Amino acid sequence: MKTEAGMDSLRWAVAWMCVTFTRGLSPKEVFTRYGADPDQARLLDWDAALDLVSGDSDDGMVSLLRSGRIGDWAFCVEEEGGIGFGEESLAELSRGTETYSLSTTDGMDVFQYWRDGECVEYFEPGMEHTRSEPLGHWWDRVEAALAVHEGEGAGMAPVVALVLDHLGITLDDDVLAGPWLSLALAENAPSTPPGDTYAGEGPVPPGAVEIL
């Protein structure tokens, strides 16, 4: 597979993953907004952090969360889970600030941008009918980035690279492999069913379900 150096250094963004970038928060604040106990977090490198995940629990799948802050932005990389693309999580993460969420789970990719508890832009790349309204400007940029690497099996890595460049930070394989605050968090079953207003699969687009 022939890829640019940038894609070769973002192998973590190719397989199943979810990552959020939130302006101005500390890693412990990020964990709290994810619904985790920040006091349970430990400073671990990538290999050691993987030992925290033991599989399923009585509360559902266990996600590995690793968070740090680079410049003005706090990141949280989640492996084997999807807490960071849920509507409740992103509303809480973005409260009083802004959050980008990028995920690729079980064959489905999702881009989201939230500001102060509200979804500004949501879509699944390549599926224009999933775009939220009012239409935002990220769709064209994401589609162009993916088109450059079409057929390379790069997953969402080109989109992660695009957002990292926009934020002015670096989170490549070498950086992520270092010691960052890490913890395991069990995913609870969603409290609100999708209902009949959304015909797609995967996470429900914000606003697709009216909560009474």
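The points below take up the aromatic pairs and their surroundings.

1. This is a predicted model, in which local features need pLDDT of at least 70, side-chain atom pairs count only at pLDDT 80 or more, and totals for chains, interfaces and linings use all residues. Residues are numbered from 1 along each chain as its sequence is written, and side-chain values use heavy atoms, with hydrogens and water left out.

2. The structure holds eight aromatic pairs (rings of Phe, Tyr and Trp, the last by its six-membered ring, with centres within 6.5 Å; planes under 30 degrees apart are stacked, over 60 edge-to-face, the rest tilted). Ring pairs join W73, Y100, F111, Y113, F123, W138 and W139 into a cluster.

3. The pair of Y100 and F111 is edge-to-face, because the ring centres are 6.5 Å apart and the planes stand at 65°. It links distant parts of the chain, with Y100 in strand β5 (residues 98–105) and F111 in strand β6 (residues 108–115), 11 residues apart (strands are DSSP runs of E, at least two residues, and helices of H or I, at least four, numbered from the N terminus).

4. Y100 counts as buried, at 4% relative accessibility, and F111 is buried at 0% (buried means under 20% relative accessible area, with a 1.4 Å probe and protein chains only).

5. F111 also forms a tilted pair with W138, at 5.3 Å centre to centre and 35° between the planes. This pair connects strand β6 with helix α5 (residues 138–148), its two residues being 27 residues apart.

6. W138 is buried, with a relative accessible area of 1%, and R141 lies over the face of its ring, at 4.3 Å from the ring centre (a charge sits over a ring if NZ of Lys or CZ of Arg is within 6 Å of the centre and within 35 degrees of the ring normal).

Methods. Buried < 20%, exposed > 50% of the residue type's maximum accessible area, 1.4 Å probe, protein only.
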